Amino acid sequence: MGDEVKGRADTRAAIVEAAAGLLRTGGTSAVTTRGVAERAGVQAPTIYRLFGDKDGLLEAVAEWVLAGFVSDKAAAAAVATATNADPLDDLRASWRTQVEFGLANPAVFRLLNDPDRAAGSPAARVGRQVLEMRVHRLAAAGRLRVPEPRAVALIHAAGVGTVQTLLAVPPEQRDPALGEAMIEAVLGRILHATPAEAPEGPLAAAVALRAVAPQLGVLSDAERRLLAEWLDRIAAAPTPADNHDADHGGRRPGP
């Protein structure tokens, strides 16, 4: 790397770190060009040259903070996989870490959960892939009773909603049990009641087999693709329980 390129990268990193500190302590309103320039030891025009405007700087800061967090999550997921840790314990621990991160970094959380920003965030995509990895381990273990993409979507939506709800009230008024209640509600929807519970007909069997289908070396590539297509169709089909819920207006009957 040439000195000029290295110097540019170092300057950019210094500006992002300075802006991240201001964002963490004072929110987006604290991230002013003057304040960041003074803290990073650069001239204001340098910020505009590297980031375009304040919005560009905020995006860079949010991405930098999230990238560090996601890197830690990916490492933890890799360790859990390598040590064959219980996939449900791993998912619960990851959920708690995610909620704690959102509450500790409200400005970053809000920036990156803007739909337009999230779609273009490499760190957010990696974070989603880490969640998909954790859900896949549950499916491979026969614990999942809904298709993997649906489970991922439910967990992600619940996590975002939980943090947004908690951030909407003063810290002293927040319900500390809300996060745990939400993840348990989602798990009740996507998992079998117990690890040893027999699969609930073709849906659960299809979900479990779909998780390991790419590893079936006895089949050809074309056969694996065809099998995956069949299993996806089975998993996407409405179940008798779904039809029963729909007949009752989406509500399960009482005892």
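Which residues line the largest cavity? The model that holds the answer is predicted.

## The largest cavity

Eight names make up the answer. Val31, Thr32, Thr33, Ile47, Tyr48, Asp53, Lys54 and Leu57 line the largest cavity. Helix 3 (44-51) and helix 4 are the elements that each give two or more residues to this lining. By type, the lining residues of the largest cavity split into four nonpolar, two polar and two charged.

How many cavities of 30 Å³ or more does a search of the whole structure find? The search finds one. The volume of the largest cavity is about 40 Å³. Rolling a probe the size of a water molecule over the atoms is what shows where empty space is left.

## The chain as a whole

The protein chain has 13 helices and zero strands. Read from the N terminus on, its elements run α-α-α-α-α-α-α-α-α-α-α-α-α.

The protein chain has 255 residues, and 36% of them count as buried. Contacts can also be sorted by distance along the sequence. Take the contacts between residues at least 6 apart in sequence: 70% of them join residues at least 24 apart.

## Helix 4 against helix 5

Helix 4 covers residues 54-82, and helix 5 covers residues 87-104. The two pack at an angle of about 170°. Their axes lie 11 Å apart. An angle over 145 degrees counts as roughly antiparallel, so helix 4 and helix 5 are roughly antiparallel to each other.

Which residues of helix 4 and helix 5 meet? From helix 4 come Val65, Leu66, Phe69, Lys73 and Ala80. From helix 5 come Asp90, Ser94, Thr97, Gln98 and Phe101. The residues of this contact comprise five nonpolar, three polar and two charged.

## The loop between the two helices

Asn84 sits in the loop between helix 4 and helix 5. Is Asn84 buried or exposed? Asn84 has a relative accessible area of 64%, so it is exposed. Its backbone has a further feature. Asn84 is not a glycine, yet its phi is positive, at about 60°.

## Gln98, a residue of helix 5

Gln98 belongs to helix 5. It is one of the residues that meet helix 4. Leaving aside its neighbours within four places in sequence, Gln98 is in contact with Phe69 and Lys73. Phe69 and Gln98 are 29 residues apart along the chain, but their C-alpha atoms are separated by 9.0 Å.

How exposed is Gln98? Its relative accessible area is 30%. Buried means under 20% and exposed means over 50%, so Gln98 counts as partly exposed.

## The largest pocket

Gln98 turns up again here. The largest pocket is lined by 29 residues. Gln98, Asn113, Ala124, His156 and Val160 are the lining residues that lie nearest its centre. The space in the largest pocket is about 590 Å³.

Several elements give two or more residues to this lining: helix 4, helix 5, helix 6 (106-112), helix 7 (115-119), helix 8 (122-140) and helix 9 (148-167). Which of the helices gives the most to the lining of the largest pocket? Helix 8 does, with seven residues. By type, the lining of the largest pocket holds 19 nonpolar, seven polar and three charged residues.

Ala185 lies in helix 10, which covers residues 178-190. With a relative accessible area of 49%, Ala185 is partly exposed. Ala158 is 27 residues away from Ala185 along the chain. The C-alpha atoms of Ala185 and Ala158 are separated by 9.4 Å.

Where does Ala193 lie? Ala193 is in the loop between helix 10 and helix 11 (201-212). Its relative accessibility is 68%, so Ala193 counts as exposed. Ala193 and Arg145 are 48 residues apart along the chain. Their C-alpha atoms are separated by 9.7 Å.

Technical notes
Residues are numbered from 1 along each chain as its sequence is written. This is a predicted model: local features need pLDDT of at least 70, side-chain atom pairs count only at pLDDT 80 or more; totals for chains, interfaces and linings use all residues. Side-chain values use heavy atoms; hydrogens and water are left out. Axes are lines fitted to C-alpha atoms, for helices over the stretch in contact, and angles run from 0 to 180 degrees between N-to-C directions. Helices (H or I, at least four residues) and strands (E, at least two) are DSSP runs, numbered from the N terminus. Angles under 35 degrees count as roughly parallel, over 145 as roughly antiparallel, 65 to 115 as roughly perpendicular and the rest as oblique. Contact means heavy atoms within 4.5 Å. Ala, Val, Leu, Ile, Met, Phe, Trp, Tyr, Cys and Pro count as nonpolar, Asp, Glu, Lys and Arg as charged, and the others, Gly among them, as polar. On a 1 Å grid over the protein atoms alone, a cavity is a set of points where a 1.4 Å probe fits but cannot get out, and a pocket is an open set with protein on both sides within 12 Å along at least five of seven lines; lining residues have an atom within 4 Å of a point. Grid points are joined across faces, edges and corners, and a volume is the space filled by probe spheres set on the points. Buried means under 20% relative accessible area, exposed over 50%, partly exposed in between (1.4 Å probe, protein chains only).
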